[in-house]
Amino acid sequence: MTMAMLALRYGLGVATPAELVGDRLAPTLTIQEFFELLSRYGGYNELKQVGVTGVLAGQLAVGVPGGVLYAFIVRRRARMREPGGHSGGRQGLLFIVSFVGVLWLATLIALWSVLGTHYGGLPPGKAKLATSLGLLISYATYGLVLVWAHRTFMGSHTAQMTVPAAHPIGRRAALVGGLGAIAAILTGDLMRRLYDMATFSYDGLRYKGPDIQPITPNDRFYVVSKNVIDPRINPTLWRLEVTGLVERPQAYRFEDLVAMPSVTQETTLECISNEIGDGLMSNALWKGVPMRQLLEPAAPRSGVTEILLHAADGYTDTIPLEKAMDPTTLVVYEMNGEPLPERHGYPARVVAPGLFGKNNVKWVTRIELVNTDAKGFYEQQGWGPSFVVPTTSRFDDPAHGQTLHVSEGTAVLLKGIAYAGARGVNGVEVSIDNAQTWRTAHIDYKGAPMAWVLWSYEWRPTQPGASVLVVRATDGTGTLQTAMDRSFAPEGATGYHYITVRVEA
Ligand SMILES: Nc1nc2c(c(=O)[nH]1)N[C@H]1C(S)=C(S)[C@@H](COP(=O)(O)O)O[C@H]1N2
Ligand SMILES: [Mo]
């Protein structure tokens with residue numbers, strides 16, 4: 001059964017219970033419970049592994065008693081019959097068919113809300129069918145293997161005590177054991193292949209430091225994914241549907257999308273769980289289509305308040321309709337002149353400037369127009385309600401705790417970024433005296449308003465020793481970055497980035 005699940009996952013992108021259970025449970029946790037689990041297991045990657053292992057163990061914990069019960073029923077019925085008469089095969093079959101049927105239905109009910117996941121890019125409706133069918137095939141494999149192995153091992157339909165079997169027990173055991181071993185090897189091989197595709201090697205990648213560039217190279221762009229294995233979408237299967245409260249539902253193919261008039265727009269993304277000074281933030285040039293061009297042909301009904309985005313990986317999030325209709329909110333298919341990389345949402349993702357990364361749904365497959373206050377994957381945990389990024393700024397060079405060797409009268413170049421969402425950055429100030437006094441930093445790079453700026457400041461330390469350096473920005477509305485220290489839950493972190501450096505002659 002596990003082999004069937006993994007083969008369907010590897011070959012066809014069919015979601016496995018090992019993945020779906022996590023997606024079913026994660027949104028039901030509070031932010032606090034979520035972070036307790038993250039810290040108990042040592043991070044998102046570790047939590048994902050614990051989840052997968054737990055479900056695989058759970059499958060064994062249900063499958064093994066099912067097999068024992070089956071053998072027990074067959075044996076008991078066979079004993080109750082005359083020697084050589086009819087066997088317990090029929091009762092056994094009835095049991096296993098009901099067992100598999102009940103498990104299948106129970107799984108469909110328990111995982112109903114996440115069945116619309118398909119890592120090959122089927123939109124939610126077809127994905128639901130594919131997942132249900134995949135589960136049925138896997139569970140049926142379990143039943144068939146059980147019946148076959150039991151019959152082969154025990155020798156014919158009858159109790160093996162009373163009727164001599166055609167082959168000696170040793171040969172039958174060898175057959176069942178041999179095929180079992182081959183299945184185990186194939187399962188192990190599939191697991192290794194899937195493990196190599198997993199997000200563990202790149203989820204949580206950060207972009208910051210002295211070599212920071214205005215535009216983040218694609219392979220260094222920060223990554224956050226809820227998935228154990230990210231989607232690998234087949235663009236011929238993929239559709240972007242516009243559904244919900246619309247007069248004319250739409251289903252765009254990839255060719256349709258790239259044939260539409262496009263825009264290229266520089267936009268910075270930042271994760272809502274980015275700590276002050278951290279690097280879960282990057283900037284790219286995105287090419288795509290304004291979302292309103294996809295919504296208008298669908299003729300939204302009056303009363304629509306927000307859009308609920310669905311993705312191939314079952315991820316969901318919402319954006320207010322007004323923001324979705326803003327010309328800068330895009331569905332993009334290119335990143336820095338290249339096709340969108342797989343880990344960043346190939347073939348298409350949403351870019352919603354000034355909203356946290358979580359709203360920028362990757363591998364998007366459906367835009368559903370709703371008139372309710374729908375909640376996305378993380379929103380259900382209690383994040384928000386505002387996902388508008390607060391103004392933030394940080395040092396990229398030097399690093400906190402660094403010792404600087406400066407000869408008398410020479411300058412140290414302080415460098416960093418500042419970002420104020422769609423409001424844009426007006427100015428950056430630096431303090432070299434623990435926020436007592438402020439000096440204007442130089443803006444080295446300023447791109448689109450919804451992108452970060454790169455700033456620098458030439459600091460001439462007058463004496464050796466420790467200094468506390470601070471940075472703050474002013475946004476495009478003239479509002480100064482708030483000094484109030486606030487943790488990233490539930491609306492993103494605020495406060496100033498403080499670093500301590502030592503100056504030595
Ligand atoms: N489909 C999907 N979209 C998603 C996510 C996800 O797990 N699945 N993660 C979100 C989060 S929390 C962030 S911060 C951004 C990260 O985008 P990036 O990996 O391209 O930097 O994607 C968002 N979009
Ligand atoms: Mo995020």
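This is a predicted model: local features need pLDDT of at least 70, side-chain atom pairs count only at pLDDT 80 or more; totals for chains, interfaces and linings use all residues.
Contact here means heavy atoms within 4.5 Å.

## Around Thr-152

Thr-152 sits in helix H6, and residues up to four places away in sequence are left out when its neighbours are listed. Which residues does Thr-152 touch? The answer is Arg-172, Leu-175 and Val-176.

Is Thr-152 buried or exposed? Its relative accessible area is 16%, and the cut-off for buried is under 20%, so Thr-152 counts as buried.

## Helices H5 and H6

Helix H6 spans residues 124-154, and helix H5 spans residues 89-110. Their axes come within 10 Å and cross at roughly 155 degrees. Because angles over 145 degrees count as roughly antiparallel, H5 is roughly antiparallel to H6. The crossing in which H5 passes H6 is right-handed.

Which residues make this contact? From H5 come Gly-89, Leu-93, Ile-96, Phe-99, Val-100, Leu-103, Trp-104, Thr-107 and Leu-108. H6 contributes Ser-132, Leu-135, Leu-136, Tyr-139, Ala-140, Tyr-142, Gly-143, Leu-146, Val-147 and Arg-151. By residue class, the contact of H5 with H6 holds 14 nonpolar, four polar and one charged.

## Helices H3 and H4

Another helix pair to look at is H3 (residues 31-41) and H4 (residues 44-80). The axes of H3 and H4 come within 8 Å, with a crossing angle of roughly 90 degrees. Angles of 65 to 115 degrees count as roughly perpendicular, and H3 and H4 are therefore roughly perpendicular to each other.

On the H3 side, the contact is made by Phe-34, Leu-37, Leu-38 and Tyr-41. On the H4 side, Tyr-44, Glu-46, Leu-47 and Val-50 take part. The residues of the contact of H3 with H4 divide into seven nonpolar, no polar and one charged.

## Backbone features worth a look

Most residues other than glycine have a negative phi, and most peptide bonds are trans. Where are the cis peptide bonds described here? One runs from Tyr-346 to Pro-347, with omega near 5 degrees. Pro-347 is placed in the loop between strand E8 (338-339) and strand E9 (349-351). Another cis peptide bond joins Asp-397 and Pro-398, where omega is about 0 degrees. You will find Pro-398 in the loop between strand E11 (392-397) and strand E12 (403-405).

Now for phi. Ala-299 is not a glycine, yet has a positive phi of about 55 degrees. Its place is the loop between helix H9 (291-295) and strand E5 (306-311). With a relative accessible area of 17%, Ala-299 is buried. Trp-363, which is not a glycine either, has a positive phi of about 50 degrees. Trp-363 lies in the loop between E9 and strand E10 (364-370), and Trp-363 counts as buried at 2% relative accessibility.

Definitions and conventions: Residues are numbered from 1 along each chain as its sequence is written. Chains are lettered from A and ligands numbered from 1 in the order in which they are written. Side-chain values use heavy atoms; hydrogens and water are left out. Axes are lines fitted to C-alpha atoms, for helices over the stretch in contact, and angles run from 0 to 180 degrees between N-to-C directions. Helices (H or I, at least four residues) and strands (E, at least two) are DSSP runs, numbered from the N terminus. Angles under 35 degrees count as roughly parallel, over 145 as roughly antiparallel, 65 to 115 as roughly perpendicular and the rest as oblique. A crossing is left-handed if the near helix is turned anticlockwise from the far one by less than a right angle, and right-handed if clockwise. Ala, Val, Leu, Ile, Met, Phe, Trp, Tyr, Cys and Pro count as nonpolar, Asp, Glu, Lys and Arg as charged, and the others, Gly among them, as polar. Buried means under 20% relative accessible area, exposed over 50%, partly exposed in between (1.4 Å probe, protein chains only).
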